[in-house]
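Please look at the sequence and the model before reading on.

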Amino acid sequence: MNQATPSSRLTGFHKQSVADRIGQVSDFAGLNAEERALLANTGNLPQDLANHLIDSMIGNINIPVGVATNMRIDGRDVLVPMATEESSVVAAVCNAGRQCYDNGGFITSMSGTRMIAQIQLVDIADPEHARIRILERVDEIRAICDECDPILIKLGGGFRDLEVRVIDSRSGPMVITHIIVDTRDAMGANAVNTMAEKLAPSIAAWTGGRTYLRILSNLADRRLARVRCVWPVEAIGGAEVRDGMMLAYHFAEADPYRAATHNKGIMNGISAVVMATGNDTRAVEAGAHAYAARNGRYTSLTKWEVTAEGHLAGVLELPMAVGLVGGATKVHPMARLALKMLGVTSAEQLAGIITAVGLAQNFAALRVLATTGVQKGHMALHAHNIAMMAGAVGGEVDALAKVLVAGGKVRIDVAEAELKKLRAAA
Ligand code: NAD
């Protein structure tokens, strides 16, 4: 007879205590006592806090936090915390920072801290008229939005602008209202979503249509962070390396297959700082990739040029919806620590630092691709992972990793065999 399959229909699961949830999941998945204890160990995020951050919480996964050194941003030296599980990411930023430090490092700027929320209006016979009717109500719209968030108003934020677009869709024309709101030092998703929801019934009433979606756009192109930096040609290893990097960049600019990986590298840096500061990685990633495709073809987020003096100049510009308040930023003790370490006093400053890390990461990736290739550097760190996977502990990890790199075969089967040899020789 077949053993009954455990059911995933766990009614009221989200309402239970964490301990009860751990119990249920452990029974379902056959977890042993050690595994149950692993779930109960929430590390540096107390269980109670974690339980309030998300629903149906049963445990935490700790991601290492590294520090990018050598970063000089807007004339200030900063140590940048980066939360990532990927090897080589932190080292890449440190290297890129070192190679431009004496030349002044990174200069950042922002287009502002404005977020967009959209309200979708359908069932409109005369969408162009509806568009104008909505635009006429800008003063009422401002009042409705600003009433939603007195704290934001007090801090100098609030409604700033109105745009209304008519778009064609497979369900016919839609009238899309954009409210543009300065959310100051908050990422602002909740702030603008609240406003959009409050405003929607009025838009329906003014136009006779029906409103459906009311939510922010992650294509936060009124909140662009910009960074520029010049790497002296001598610091990067000469004209040949520079020209190789330009070829690598032109490849990414011309080909979406390459651009995806090029931009993934940029996001290795960006998402790590976004994560370390308790901000929303998916929001920033969605904004970045949508921005990379804004002209109809997905392309490189960075731009690289050779200056008149022959140096390598890079720029990066992308939406950067991050905050110092809201979400997990003020709740997660490590996020608070990360913000303290960065010494930032505004969301704009934080956005600039994050973007500088993105440019640094891209510089490092282009440089390594144009010279030794990624695997050489990666392998040393990857060898440590493979060594641990093979069962190495303590001092064995370093020793085994060295053997693997020296042998040029960083593979789990080789690691297991070499570990046996190491243990036999010890
Ligand atoms: P929030 O609502 O927790 O905090 C923002 C509020 O804090 C402001 O509205 C304001 O009232 C107050 N505030 C206090 N000090 C402020 C200051 N100095 N500057 C600005 N406001 C200040 O958070 P939020 O930023 O509105 O939303 C962020 C959260 O929303 C994140 O957790 C994100 O993951 C989540 N979210 C994202 C999406 C999306 O990206 N599509 C959608 C929904 C929710």
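The model is predicted: local features need pLDDT of at least 70, side-chain atom pairs count only at pLDDT 80 or more, and totals for chains, interfaces and linings use all residues. Residues are numbered from 1 along each chain as its sequence is written, and side-chain values use heavy atoms, with hydrogens and water left out.

A nonpolar core is a set of buried Ala, Val, Leu, Ile, Met, Phe, Trp, Tyr and Cys residues joined through side-chain atoms within 4.5 Å. Buried means under 20% relative accessible area, exposed over 50%, and partly exposed in between (1.4 Å probe, protein chains only). The largest such core holds 60 residues, of which Met71, Val80, Met82, Phe106, Trp231 and Ile270 touch the most other members. Helix α13 (residues 347–370) supplies the largest share of this core, 11 residues; helices (H or I, at least four residues) and strands (E, at least two) are DSSP runs, numbered from the N terminus. Another core, lying apart from it, has 31 residues, including Ile119, Ile141, Ala189 and Ala196.

The ligand is surrounded by 21 residues, the closest being Asp149, Gly188, Asn190, Asn218 and Asp280; a residue counts here if one of its heavy atoms lies within 4 Å.

| Residue | Ligand atom | Distance |
|---|---|---|
| Asp185 | nitrogen | 3.1 Å |
| Met187 | oxygen | 3.2 Å |
| Ala189 | oxygen | 3.4 Å |

Taken alone, the ligand exposes 870 Å², and the protein buries 72% of that; these areas come from the Shrake-Rupley method with a 1.4 Å probe.

Val18, Arg21, Ile22, Gly23 and Ser26 are the buried residues of α1, and they pack against α2 (33–40) and α3 (47–53). Gly30 follows α1 and has a positive phi, near 65°.

Most residues other than glycine have a negative phi. Asn70, in strand β1 (residues 65–73), has a positive phi near 70° and is partly exposed, with a relative accessible area of 29%. Asp74, in the loop between β1 and β2 (76–83), has a positive phi of about 55°. Asp74 is also partly exposed, at 40% relative accessible area.

Notes: A polar contact is a pair of N or O atoms within 3.5 Å; within protein, one must be able to donate a hydrogen and the other to accept it, and residues adjacent in sequence count only if both atoms are side-chain atoms. Contact means heavy atoms within 4.5 Å.
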